[in-house]
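Biologist: Could you open the model, so that we can go through a few places in it together?
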Amino acid sequence: MAFGETIAQDEEEQFKAFGEEIGALQRERAAARGGQPLRALHLKQHHGAVGELVVKAPDTARHGVFSMSGKSWPVYVRFSNGSSRHQGDGEPDVRGFALKLVGVPGQKLIPELTSATTQDFLLIDTPIIPFRNPAEFMMFVRSAKDGPAKLLPRLIGHFGLGRALGILWGALRADKVKSYATHGFHTAAPIAFGKSAAKLALFPNGNSEVGPRVKGNDYLRQEIAARLEEGPLSWTLRAQLFIDQDKTPIEDTSVKWDAPWVDLATLNLPRQDPSSPRGQEITELVSNLSFDPWHASEEHRPLGQIMRARRVAYAVSVIARQAAPEPTSVLSPG
Ligand code: HEM
């Protein structure tokens, strides 16, 4: 069955308003800090790393950057917390795992960046988000903006008791991310996959279950940094392919896709020392880059209303914080 998108007539106007709200939140945070605007969301970076994505897709899944088996793409990786605040890793939050493949030929989707040679995939620590549409997502951003104490009453005010508890329960029930090396990460929203559609996910590939002993507000950074200093880490990138709108809905990101996984590639992060001058240079560069699902070719076009809303929101955040231009090469780990 062919996948399709359902596009509401007034959505562009609505998404523009959401973009303006994201920009206002970003300015508010900058003013409170007395500094320049930073990312409107996913502000806290745990670490920036470099590595390679090696394609191993079967014949049935060779599309876009996964067309050529054995092909190795150099990548930048950014590990982050989802909040618009810089908060301790003990607070409930989304964890981000963003990939930027560099050296990818072909026309890209963002009109000002059609000749960029990058393809991004943005993943989080859960296979779904608890929001059915961008309006619910924004309602949550609004409710969460002044910290946990005000979150529940605001959610109840916006959504009603039942739905508010449902959203929070979904978030609280999710497995805690103890380490980036041992957790699965998901795009949670679909992208085109050649003529079909797919959701992608990263699963740990042989990384030790036993990691360094860490605690405190920055335990996620300490954990991944210590592991990378010790040796390489690896994940398998897999796809679920579209079946039909019931099993694999395109527009509703609160529904978990019910489809088998297909291996696409291996992500390898070689041993690297985050505290070395080169490690710090990489982390600084990654912090200034912009990761955006719309840094993509037509073959991996983001799909569904959450993705369409992101097209506006990321541009607002990225322009205001004067992110670095798209890179044309990846630094060596040193
Ligand atoms: C499935 C849904 C989503 C996922 C998986 C997701 C994931 C991510 C990730 C991983 C990052 C960090 C990127 C980095 O490391 O630089 C990020 C940043 C961001 N997200 Fe999302 N996100 C989702 C939905 C949304 C929605 C609906 C909006 C707003 C309408 C939004 C707005 C933003 C913004 C403004 C940034 C910061 C952009 C920048 O300045 O670079 N996200 N997101």
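**Two loop residues and a helix pair**

Biologist: Where is the place of His295?
Modeller: In this predicted model, His295 sits in the loop between α6 (277-288) and α7 (305-320).

Biologist: Is His295 buried or exposed?
Modeller: His295 has a relative accessible area of 4%, and because buried means under 20%, His295 is buried.

Biologist: And what does the side chain of His295 reach?
Modeller: The side chain of His295 reaches the backbone oxygen of Ser290 at 3.3 Å. Leaving aside residues up to four places away in sequence, His295 touches several others, among them Lys100, Asp120 and Glu326.

Biologist: Changing topic, at what angle do helix α3 and helix α4 pack?
Modeller: Helix α3 (residues 148-159) and helix α4 (residues 161-173) pack at an angle of about 130°, and their axes are 7 Å apart. The two helices are therefore oblique to each other, and their crossing is right-handed.

Biologist: Which residues make the contact?
Modeller: From α3 there are Leu151, Leu152, Leu155, Ile156 and Phe159, while α4 brings Leu161, Arg163, Ala164, Leu165, Ile167 and Leu168. By class, the contact has ten nonpolar residues, one charged and no polar.

Biologist: What about Tyr180, buried or exposed?
Modeller: Tyr180, in the loop between α4 and β5 (185-186), counts as buried at 0% relative accessibility.

Biologist: Which residues does Tyr180 touch?
Modeller: Not counting residues up to four places away in sequence, the residues that Tyr180 touches include His46, Phe79, Arg95, Phe97, Glu223 and Trp235. The C-alpha atoms of Tyr180 and Gly90 are separated by 15 Å, with the two residues 90 residues apart along the chain.

Definitions and conventions: Residues numbered from 1 in each chain as written. Predicted model: local features only at pLDDT ≥ 70, side-chain atom pairs only at ≥ 80, totals over all residues. Heavy atoms only, no water. Helix = DSSP H or I, 4+ residues; strand = E, 2+ residues; numbered from the N terminus. Buried < 20%, exposed > 50% of the residue type's maximum accessible area, 1.4 Å probe, protein only. Polar contact = N/O pair within 3.5 Å; in protein donor to acceptor, adjacent residues only side chain to side chain. Contact = heavy atoms within 4.5 Å. Axes fitted to C-alpha atoms, helices over the stretch in contact; angles between N-to-C directions. Parallel < 35°, antiparallel > 145°, perpendicular 65-115°, else oblique. Left-handed = near helix turned anticlockwise from the far one by under 90°. Nonpolar A, V, L, I, M, F, W, Y, C, P; charged D, E, K, R; others polar.
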